[in-house]
Protein chains: 2
Amino acid sequence: MITLRSYVSGAWVVGRGKPAVLVNPSTEEPLAEAGSEGVDFGAAARFARDRGGAALRALTFAQRGAAIGKLGKLIFAHRDALIDLAIANGGCTRGDAKFDIDGGSGTLAAYAAIGQALGDRRVLADGELTQLSRSPRFAGQHILTPREGVAVHVNAFNFPAWGFAEKAAVALLAGMPVIVKPAASTALLAHRIMELLVDAALFPEGAVSFIAGSVGDLVDHLGPQDVLAFTGSGETGAALRCHPCVVRCNVRVNVEADSLNAAVLGKDVERGSDTYRLFINDVVRDMTQKTGQKCTAIRRVLAPRDLLAAVEEDLGIALDAVVVGNPAAAEVTMGPLATAAQRKDVRSGIDQLTAAARVVWRAPVHTAPVAAPAGKGFFQAPVLFRAEERAGIAAVHAREVFGPVATVISYDGTAASAIALVRQGEGGLVSSLYTNDRAFTEETLLGLAPHHGRVFIAGDAVVEHATQPGMVLPLLVHGGPGRAGGGEELGGRRGLAFYMQRTAVQASRTFLETWLGS
Amino acid sequence: MITLRSYVSGAWVVGRGKPAVLVNPSTEEPLAEAGSEGVDFGAAARFARDRGGAALRALTFAQRGAAIGKLGKLIFAHRDALIDLAIANGGCTRGDAKFDIDGGSGTLAAYAAIGQALGDRRVLADGELTQLSRSPRFAGQHILTPREGVAVHVNAFNFPAWGFAEKAAVALLAGMPVIVKPAASTALLAHRIMELLVDAALFPEGAVSFIAGSVGDLVDHLGPQDVLAFTGSGETGAALRCHPCVVRCNVRVNVEADSLNAAVLGKDVERGSDTYRLFINDVVRDMTQKTGQKCTAIRRVLAPRDLLAAVEEDLGIALDAVVVGNPAAAEVTMGPLATAAQRKDVRSGIDQLTAAARVVWRAPVHTAPVAAPAGKGFFQAPVLFRAEERAGIAAVHAREVFGPVATVISYDGTAASAIALVRQGEGGLVSSLYTNDRAFTEETLLGLAPHHGRVFIAGDAVVEHATQPGMVLPLLVHGGPGRAGGGEELGGRRGLAFYMQRTAVQASRTFLETWLGS
């Protein structure tokens, strides 16, 4: 059995005490163990700040970008081996694994390009020179400089490669050292990426640290220049936000949490049309890709009343074709949930939805997972619900079931009705709209935008060109208000701001012009 | 005695129960009373969201800007009466009162101009259209739309006019209704501005509400689209951040709290030179303006060792000229502290500094405040300390004494030494630098920037043109990391983002170009 190590203060460290055991979620076979007891987290944070931070700040954006680009290429070069780890430890199909791993290397490539474009500078100008008084000789200029702390990244179990890469790319390009804390249960993949990164010596010592196991007392050591980015449950996010040390020092925090993303089908769309088929495909993909363990997955499916029966039938037909099992077998199209705890949580969520809505599709009871030992594995077949507009359906809008589960909700086809329903999610990461009706698009978009970090709109003209709504893209922001955590990541250059301090510099115009003029 | 009323749900309401009594801090005479017991805060928030929010969102930026501009003019038109209220209830000199009131109307005018420039739109584009995949036909565009909640503004006692105006201007221009909660002790001025605003019917019903007295259970009624902006003590800021409702709904919070702003004198500056005199003037002004009750006031004065004696002597000479008393008397140049509680807090701070540093200037013991009844008024004469670099001086860098108090600290004249000292403040709103040495400027600026929301640099070339470092300007950001609260306000258009949701819209390029094309 492999023992995962932490990489802190410039060295690999094996934890003491009782480690967490990482298993293959299809077979429940142990794969590795990870523990961080005994790690000196205070020293790790200081080392990252003092050594890693200083070294990163000495590099230009172009230099940081070049190292980030090399990490992307390194991941791509080891893609096949990494995919195997994702299948074994994550319960991922090959497609799921590629989505995670290629998403990671793609995001690194995107930030490498941003670094190259920012070039040989270490300070970013933010906006233009501003005249402050009647005199033109004294002016203001906003700048962004790297924060002088450490960025702690507490990542979710579902995207061990992409989660690592997307957060690290932005922080490192901004000039901040990172401490990566993947979820222990699926850490094998992230750990392997960290090994590759350390062996290739891509970044200065201290720029990237890694925790295999629990985060220990790391948060107690955070200070006013540090930042904390968390992806996971709203509950843990809330606890981190209110951690005494975070509150006392006003540690900057970003939380990406729960979201009941909606897909809205316009009443103008005909069954069987290109847009309709894209809608059905997107819903089924989101239900089954990563076994529904995607923060951006569609959980609520709004269908106009006249299309409700068709939508349910066509989703059912597509779900009939899903082959659940151990993704080591080629015919499997959907793997298990990642952990026993996730399966327990999903089952409790299904129970909640069963009390609030009606099951319209579920797999035959006796279907055994393919290529899995009898009685083993954290499998959960898809379940499709339908909610009627009546009392008692609050769970449909409030309970994110993090598995292959969605609920169809009928609406009257008007923008106002769609907006009113989607808003009950109280803030989400992304919702999507499938229509060719421009007036409906504009009205619905304006109603959904304040409640989302992203809105995806598809119609006949873009069926061949649209990326999938559940895919987070490096150049677009990722995050959302309210239930979704209230945070924001990525968005190209925008993402750098979280890791930098914006400062208004007031000085003589001549100084400002020549200082930043290059 | 005047009874202040709250303006909620479209009507003036007198609170029940035992009100807070507002006094003249020079004489301790009661002026007014204010209480908000019995106000239905839940209904007030709903009214603001439903009526005020919808009406504001229906207006264009230009229309909102026009109303904001009218409020600025209205305040200017009533300037003399407002100044009298500030003198009576705030203990302000005429100069202090103008600083607050003109700062308010000036900020309103600045945001009115921004509204005019943004014109006839209701949605802001954020950045350019982004190509998302190989195909140019599907693209991304970030937009900003007004959040659909209410903006609660909990303001500090020291700037009743400016605090009201600067927060309201930004929120209203962004399209969010506001509930203004001034500090009760000095609410007379803010209450009068609210009366003017209501009587002139400048904004749609529900766009601006006002609480005279305590904030009650208002925070319990906040939801995922609401925002909370607080200016005041770090302790209260922390409590608001961790309020269960704020945490559960991820209410967006901005805190502007404590700050030990520093002024750094370069070793190149000669005693008596223009830059030197500006430095002395700025320090003394910040110690005495608003009786030192300014979040941006210089609290730490870094003097090169060779200039230490000169700086202390020249500051002392300037402080000798300060006339403390009731600002109703024309010869008075510094009024009392605003409340008995503030005086108690300042005195406790002076005690802490006395244990950590040495008094180098303080007023003769027997000087009685001018034009104040014997034994009355919350007066506190200036105190100047000097801290030596030794153990036990932590309070000098950590204790913001919110009164006419500053500490001189000697340093060796190097940028590294200045940066190391200033950083001990653990995050501030603004620090200032007085020098004509370009290399020293660049190095110090880069070292200070990550720790500040603003850095002010003055040298001989701008002595005639520089605004004062303690003045917050509408086009520059105001806020700071760490101890300063970790927030950001103003900054021209930047400030709008706090009250808006950024959303990445993915759609056909044609749609995006024509939709936002105007």
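**Where the chains meet**

Analyst: S19(A) and strand S22 (residues 500–508) of chain B pair in the parallel sense over 3 bridges. This is a predicted model, where local features need pLDDT of at least 70, side-chain atom pairs count only at pLDDT 80 or more, and totals for chains, interfaces and linings use all residues. Residues are numbered from 1 along each chain as written, chains are lettered from A and ligands numbered from 1 in written order, and side-chain values use heavy atoms, leaving out hydrogens and water.

User: What makes S19(A) and S22(B) a pair?

Analyst: Two strands pair if DSSP finds at least two bridges between them; here there are 3 bridges, so they qualify. Strands are DSSP runs (E, at least two residues), numbered from the N terminus. Within S22(B), B:Gln506 stands opposite A:Phe456.

User: How many residues of each chain are in contact, and how much area is buried?

Analyst: 70 residues of chain A are in contact with 70 of chain B, contact being heavy atoms within 4.5 Å. About 6,000 Å² is buried between them, with carbon and sulfur atoms giving 59%; that is accessible area (1.4 Å probe) lost on being put together, summed over both parts.

Key
Buried area = accessible area lost by both parts, 1.4 Å probe. Helix = DSSP H or I, 4+ residues; strand = E, 2+ residues; numbered from the N terminus.
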